[in-house]
Structures are given as C-alpha cells and as structure tokens.
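Subject: Structure for your files

Hello,

Please find the structure below, followed by notes on what turned up in it.

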Amino acid sequence: MEGHSDMNERKESLINVVIGGSGEEEIERSSIGDNITGGAFVDEHGESSSKRKKPIRHNADQIQELELFFKKNSLPNKKVRLELATKLSMDINQVQNWFQNKRTQMKLQLDLYENKTLKQENDKLRIENIVMKEALENSIHDNCKESIDENQIKIEHDQLEDEVKRLTAQAYKLSLFNKDVVQDKMVLLNLAMDALNELFRLYENDKPLWVSNLDGGGETLNIKEYARLFTPLIGTKPEHFTTEATRASGIVADTSLALVNTLMDKRQWVEMFPCIVGKTYTTDVISTGIGGNKSGSLLLIKTELQIISNLVSVREVQFLRFCKKHAEGVWAIVDVSVDTIQEGLQESEIENCRRLPSGCILQDMPNGYCQVTWIEHMEYNENLVHDWYRPLIKSGLGFGAQRWIATLQRQYQFLKVMKSIIDPIVDLSGERGIRMLAQRMTHNFCAGVCATAHYWEIIQLANEENSKLMMRTNINDLGESTSVVLSATKTIWVPVKHQRLFKFLTNKKIRSLWDVLSNTCPMKRMINISKGQTVDSNISLFFPHGDDSGANRVLLQDTCMDATGSLLVYATIDSQEINTVMKGGDSSCVTLFSNGITIVPDCFQDFSTTNNYNVISGEMNNGFGGGSLVTISFQMVGNIFPATTLSMELVKEANALISHTIHKIKSALKCM
C-alpha cells in the first residue's frame, strides 16, 4: 500500500500516525536524540554534566533495551537506573540522562499533537462561523421571502465563541498537566503506534510467516518466524502461557468508514459480537480523533472474551484500541494489551491472557463492500482450558480470526436485512421489537453460561452425572421478576458433525424428539425473520399445534450457523406479551428466561472413537474427528425475592432437565 514506508521511521516520525499526517506535514524532529546523551543536568552525585565536551552515543542494543523498559516505566527510581546501568554496561548518569531526554522528547511530541488538534478544531469552528455569517448576509441582500431567525443565528454564534474559549482554556490546562500524566499518555500513544506498525507488517507478509490451514479457512502464524522478525512490544511471554495467532479475510456488505464507526463504538462493538464479547468498559478515552473522524482515536478498554461453554474460562483483558486512516478508503484498527500501567510503584497484574497486536485492515471495494483482513494474536493460560477445547482454540475457531470474521459477516447481513419489512404479519416497529427481544434473549443465554453479566454464584460444579449450577438474584432488570434465577449448564461430546447436528435440532417436525419443554406437541412456525445468511439463520416464533394446554404460550427462537459453530437459543413467552410487541409495543418489559444449545466442531486430530453416524451419512472427516462439543443450558426462576436460597427440589429439577435433554438427543441420533 502507498504511504506505508512512513510506518517504518523512528518514533519522532511515527507521531504523524496519531495526528493524521500524510507525510506532507511531518513534525520537525526534536534536537534531543534517542541515542545521544548530552545537555546539562545534575547527576547522581550533584555534579553538573555541562562540563562534558561532546555527547556520548549508545549502541543499538542499549537503545533497544532502554526503549523496551521505557514502555513499562518512564520514570525509574535510582535503584532501577543502577540495575539498568549494570545490565547495559553504562554509567548510571548516562541512564538518567537518557530517560530525562526521552521524557522531554515525548512531552514535546504530545504538545505538538494537542496543539494541532486544537488548531484543527479552532479552524473548523471559524469556518462554520464564516459560513453562518455569509448565510445571514446573503439572506438580507437578496431580500428573500424565507424568514431567518436572526436570534437563533446569534445564539449559535455565541455558542461557537464559547466553544473557542473552552478550547483555548483546554489548551492552557494542557500546559499545566502533571508531568506523570503527560508521560503516561505518551507511553500509551507510543505503544499504540508500535502496535499499528506491527499489524501492518503482519498484514503484508505471507509465507513463511503465515501457514495456510488445512481446511482453507484461514492461516496460522509461524511462531519461530515471528520471534525472528519481531521484537516483543509488551515484554516476554509468561512461562505458563501458550500462543495462538491466526489470520482470516472476508467481504462485508458495508463501507470501511461504517465499519470503523461500529468497531470504535463500545456499545455497537458488543452488539456486533454478542457471543464473543461479554462485559466491556471503556476505561479511558485518550484521544477522540482528528478532523471530525475516528482517525487518531485511542481508547483504553477492559473486556471479557468468551466461548459459550462452562469448560472454558472467560478471558479478561485490558487493551488499547487505536484507529488510523491509512489511505483513501483504507483504515486500520489495532488492539494491544496494556500489562504494565503504572499505579504508583506497582504494576497491574497480567490477567489470564494477553492480546498482542491484533485487529483488522479495512479496504473499500468498488461495489460498495469492504475487504476485511482480521489478525488475532493472543497468549493465554492453557491450564484454564478443558482438554476437549484445546484443539478448537489452537485452530482459531475459538477466539481466533476466523470466528471474528464469521461473526462480523453474519451480524452485518442480519442488520442489513432487518432494515426492511420481511414478514407481512409484523409491521416494521413490531419486527424491530422482536429482533431486540431475540438479542436480549441470546445475550442473557451467553451471560448465563459464561457468567459475563450480573454476579453469579456457583453452587454446584459439573461432573459426569450433574450439571454446573449457578444462581443470581434479580432485583431491577426489565423483563425479569424479582427473584432468584438458576442457570444449569453441561457440555458433552457427540460423534456427529456440527452442521448435521444443527439441522437435526432446527427441524421443527421432529423437535419433540429432543426438546423436553415441547410436551411432545408439534410446533408450527408462524413468523420467520431471516438473518440474511442461510435458511437456518433466523428469528422464529412457534405456536403449539394441536395442544390447547400451551395455547397461551409461544416459543421465540434465535438460530445461526457458520464454519466456527452453531447456536440455538429459545424461550417460552406469554402470547399476549408477544402480540403487544408485534403491534409495536415495548419489548423490554417482556418476561423471558433463556435456554439454548451451542455446537462447535471438536477439531480432534487423533480420533479413535468409531463415528458410525457420520459413516452412515456418507460424511468425510477431512482430517478431523467429525464430532461436536455440545453445551446445553437452561435458566429458570427460583424463590421469589427476598428469599436468597434455592430449594433442593429446584436443584434436582435442573439436573434432571439437563440429563433428560442429553438422553433424548443421544437416543434420537443413536449415539448412546
């Protein structure tokens, strides 16, 4: 791509990435060099260094070590400086002077960045003011009949002047920032720019850095080649951590700018990846971007990443998200973990995973679509992952690029289809309400399995006979009674490919073969809202057919399927409440408790169990076992608040519900 050569310059030139420069407006380099120790200062013994006749140059290895340490701690104490000096064969005064010069240099860069931002905002306000004045003058000179509210224009003019004053005051405050705050901010900007540089290098390189997967669905990083070509940005990998790194590409039916706005908005990002992203917080907005768009935006985010199973621990990660417009129609968004944010003299703990430079390159296509290349690079504690799921995660189908791309494509298709009226039975507002209800149902299901929303208390761990049980107390959530909520979850393995198993579960004619809540009554689908991907990815409303006992209840179901797995979530809802939603009523007050099943391929390479079902069906294993990991979960109401305990009868009922469902599925598939 054009302009990428600028990415390889030193940090002083890389500041253009943050402030949106194209190379034509490069910031003049500071006279303070990274590899030169000079200038007057008072050393550790109180002596002035101004007597030195010439600066001392450091070698490349010393500079590299100093740069790496600076990212962790920009203000080391005397003890740390002495340790660095000994390690690098330097004088302690040289180390002190290097850090002093580096902090000064980065503060100058930050001032340049903030000044340019304020100048652009000021210019924008000035132009808007001029345009408004011209509009007023033209209206008077032309004596046009359209009336213009001069008072309103005066009010808006005054507002603009107030905004200019506010920005001027903000500029003054910037000059009074505490030096530690400035240093921390520049350290984060520096890390974000390095991460963006690495992301582009990962994007542009192919073999031998990337190795194609056997199924053709993506690529896996060659870890040895990566270690040879790249310098770690966030320190060395912890000894007990394992690496997973994948790359995948796909076409999304929208523009790069629309995707950028979605991915840089916390709420939209969570909605776009409901089965991957759990609780999320934007802990700091370091930069809001330049020129009225997202280029140069830098956020500090804390989130939970999940696989919908009780056998995989949630990944808690805190990372920077940086956005940059690289060229016309080309954007990049990069994430990188922040493991060493200083809090006084203590560093923050590394969680159960770290996100190395990961993200996506977005490139517009002539047909209005966007080519997305996703790179996901993480280090995680494999001890927290059940043996069954380790092959899936290593393949990239768990937390890797393939899953992110597949989810992004599916959700964008879904949102595009939802803009039009699909089912004639439901008006547009009613369809929107049903979609929102299905989204809430699916979100609650994922949270009930992974405990990524509310506070869930584990009351029983899963074993061969019983399921995992968790409980929470609901007090003020809409659509739920004030009561104790119980979640029962269990994961099993079945020797059936996930696509075939999903088709079996979504066949409404034989639903009674596995659904213990259907009362052996056939279900009639009255409403179907397509999600735009396949015939099996939709939102449906089922009514009991031929059974008056369930006439006042309907079944809401949300399904989706892609190469990384399948999801089926459902809940029984009062028919009067759903009728209200179909007529455009508020869906947030509808009471529902989510049940569901998730299916992922097992990805077992060493498969010893005979898969009679797939052999009979004529399916090939393609190098994998051909089986599926199936997670089944139910949510039910316990005691009414303020009672905060569960009865043993409800616990027994939950275990029996899971066991009965598993038995019926295995019996129907003849895989007992």
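Arg-201 is placed over the face of Phe-230, with 4.1 Å to the ring centre. Keep in mind that this is a predicted model.

Across the whole structure, the search gives 11 aromatic pairs. Trp-98 and Phe-99 form an edge-to-face pair, because their ring centres are 5.2 Å apart and their planes stand at 80 degrees, where over 60 degrees counts as edge-to-face. Trp-98 has a relative accessibility of 2% and therefore counts as buried, the cut-off being under 20%. Phe-99 is buried as well, at 1% relative accessible area.

Strand β20 (residues 553-562) runs antiparallel to β21, and 10 bridges join the two. Between β20 and β21 there are 2 residues, and the two strands form a hairpin. Within this pairing, Asp-558 stands opposite Val-569 of β21.

β21 also pairs with strand β22 (residues 595-601), again in the antiparallel sense, over 5 bridges. There, Tyr-570 has Asn-595 of β22 as its bridge partner.

Regards

Terms used. Residues are numbered from 1 along each chain as its sequence is written. This is a predicted model: local features need pLDDT of at least 70, side-chain atom pairs count only at pLDDT 80 or more; totals for chains, interfaces and linings use all residues. Side-chain values use heavy atoms; hydrogens and water are left out. Rings of Phe, Tyr and Trp (its six-membered ring) pair if their centres lie within 6.5 Å; planes under 30 degrees apart count as stacked, over 60 as edge-to-face and the rest as tilted. Buried means under 20% relative accessible area, exposed over 50%, partly exposed in between (1.4 Å probe, protein chains only). A charge sits over a ring if NZ of Lys or CZ of Arg is within 6 Å of the ring centre and within 35 degrees of the ring normal. Two strands pair if DSSP finds at least two bridges between them. Helices (H or I, at least four residues) and strands (E, at least two) are DSSP runs, numbered from the N terminus.
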